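The sequence and structure come before the details.

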Amino acid sequence: MTDVSQDRAIVPPSRGPAVEVVNVSRWYGNVVAVNDVSFSLDPGITGLLGPNGAGKSTILHIAAGLLRPSKGTVRIGGRPVWGNQAIYWDVGLVPDKETIYPFLTGYQFVLLSAKLYGLDDPAEAAHRAIQAVDMEGAQDRRVGGYSKGMKQRVKVAAAIVHEPRILLLDEPFNGTDPAHRLQLMDFLRRMAGEGRTIVFSSHILDEVERLAENVLVIVAGRLAASGDFHAIRRLMTDRPHTFTIRSSHDRRLAIALVADQSVLSVDLSDERLTVRTSQFSDFVRAAPRIARNEGITLQELVPTDESLESVFSYLVRR
Amino acid sequence: MNSTVFALTLRQFAGQRRSLVMFVLALAPIALAIVYRLGDHLDQPDWTVNVLLNGIVVTTVLPLACLILGTSAIGSEIEEGTAIFILTKPVPRRDTIGAKFAASTLVAALFVLPATAVSGLIALWGAPGEGIVTGFTIAALFGVLAYTAVFILLSVATSRALLFGLGYVFIWEGLVTELFSGTRYLSVRQYCLGIADLFATVSERDFDANLGGPEALILASAVTAATLVLAVRRFEAFEITDTD
């Protein structure tokens, strides 16, 4: 029988950025799932943001060594990931899928993880990890009977039981209730505060905004934007927006609006006034003021196509 | 071999409905032997060898038991998504395959070997056995090792391991190797019969093995080792492709 703990001693100390993805592509036949993506990550929280099917999970799976890149390389702590089981000393993965054994209790599941990591005191490590995700109350119940949120938390406990330097989480807030979502966010912030590298994927802008300092926006397998969240948020907000307007006198209002700095174009057709602007906030403030000055009653001011997908598509086109 | 994966796999087997099928498979030859004994049991060695041990145990019970356990040891983990849990641990993949193989062969042997020995003894009770039961029990052990290795390889090579395994058992082992004697070198069933022949000294009329005993022993061992090496290689390159 192999004693896993013996292998730990021969793992060389890691060097370089915590996570380094260099020109990585992945395709399945003719379908390109990830297209020439490069980034490097240091300690802190990074959000992998993108619509469903964008390739976020594929990127996380490649980073976790579960998928071989068709092109490019991924290194963790300077070591190549693919085919290198030793990286899992440094990495914890929380997959989106239900990777749990329903016949085990929560404690047994986390203990199993601790034993597979070959920890010196797996029982103590399991208790500590369960405590960290606030699951002591349910630790003796079978995982198969857990709610989705509880399963998510016990998966996190299993992934952090060896206190990894890097934690990869695929849609970690799926199914969690608001209280536990906040708790999990606090927990991840604490882990990041200890100098760990946290990467999580999400298709929900709000989650990323609340948690991530650094953002990678993935659209259709490509890295559409990366960097500081607030800069990207501004980019998203300041993109051309389209509004439809109904008023007591659309034609007069169109003439007045086109003179405003915030307006790019106006279109008056089919009894409907459509305005394009590149300055979302300025226009939202200016439109009612201009209408009032002209003595026009503004009945409706509706932004069109505000879906996250359209925001992401805009970022890709830039 | 990793002891934690070994223990986990045993627990997985215990919790599966497939273990019920295993009980049925193990009890079938024993029940058949009892029914045979209740009737006019003429020519016991011939019936025991050709109908019970060759026809039922080696051709059906043995490969099906190994198919169920060998394909579910890793296949069910891949199917249910828990493979990610194992794959993202610093456990060498050869150790995972080793543990899965050890657990599967242990459980298969626990069901198949007693079923072979007990059913054979019941059927031959009072008649000269001439090593038949010993021979087929040893052959079943080698069969368990070879078949389990083959089915573990199948489960890491394809997501339809059970389907391909059934085809292999019933078409290749049950039909093709019976019709074409040249295929005996590629048949675990023929290896089993050859090994049983080493220990069972019955007349050729009762028992006709296409392979010599030593030849069968070497081939069974080589196939077990080669398929395990291939399974390890395949598992080392295994990818989780079910992502968005």
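In this predicted model, Phe243(A) stands opposite Pro303(A), a residue of E14(A). The pairing behind this is between strand E11 (residues 241-247) of chain A and E14(A), which run antiparallel and share six bridges.

These strands belong to an open sheet of four strands in chain A, ordered E12-E13-E11-E14 and paired in the antiparallel sense. Its edges are strand E12 (263-269) and strand E14 (298-304) of chain A, each pairing on one side only. From one strand to the next, the twist averages 20°. Helix H9 (residues 250-258) of chain A packs on the sheet, where it touches E11, E12 and strand E13 (272-277) of chain A. The direction of H9 makes about 165° with that of E12(A). Helix H10 (residues 280-294) of chain A lies across E11, E12, E13 and E14 of chain A, and runs at about 165° to E14(A).

Chain A also has an open sheet of four strands in the order E2-E1-E4-E5, with antiparallel pairing. Here the edge strands are strand E2 (31-41) and strand E5 (79-80) of chain A, and each of them pairs on one side only. Strand E4 (residues 71-76) of chain A is joined to E5(A) by two bridges in the antiparallel sense. Arg75(A) has Pro80(A) in E5(A) as its bridge partner.

| Strand pair | Sense | Bridges |
|---|---|---|
| E11(A) and E14(A) | antiparallel | six bridges |
| E4(A) and E5(A) | antiparallel | two bridges |

In chain B, helix H2 (residues 18-38) packs against helix H3 (residues 44-80) with the axes 10 Å apart and an angle of about 175°. H2(B) and H3(B) are therefore roughly antiparallel to each other. On the H2(B) side, the residues that meet H3(B) include Val21(B), Met22(B), Leu25(B), Leu32(B) and Tyr36(B). Among those on the H3(B) side are Trp47(B), Ile56(B), Val61(B), Leu64(B) and Ile68(B). By class, this contact of H2(B) with H3(B) has 16 nonpolar, one polar and one charged residues.

How many residues does each chain bring to the contact? Chain A contributes 32 residues and chain B contributes 24 residues. Helix H1 (3-14) and helix H4 (83-87) of chain B each supply at least two residues of the side of chain B that touches chain A. H1(B) gives the most to that side, with four residues. The side of chain B that touches chain A consists of nine nonpolar, nine polar and six charged residues.

Key: Residues are numbered from 1 along each chain as its sequence is written. Chains are lettered from A and ligands numbered from 1 in the order in which they are written. This is a predicted model: local features need pLDDT of at least 70, side-chain atom pairs count only at pLDDT 80 or more; totals for chains, interfaces and linings use all residues. Two residues are in contact if their C-beta atoms, placed from the backbone, lie within 7 Å. Ala, Val, Leu, Ile, Met, Phe, Trp, Tyr, Cys and Pro count as nonpolar, Asp, Glu, Lys and Arg as charged, and the others, Gly among them, as polar. Two strands pair if DSSP finds at least two bridges between them. Axes are lines fitted to C-alpha atoms, for helices over the stretch in contact, and angles run from 0 to 180 degrees between N-to-C directions. Angles under 35 degrees count as roughly parallel, over 145 as roughly antiparallel, 65 to 115 as roughly perpendicular and the rest as oblique.
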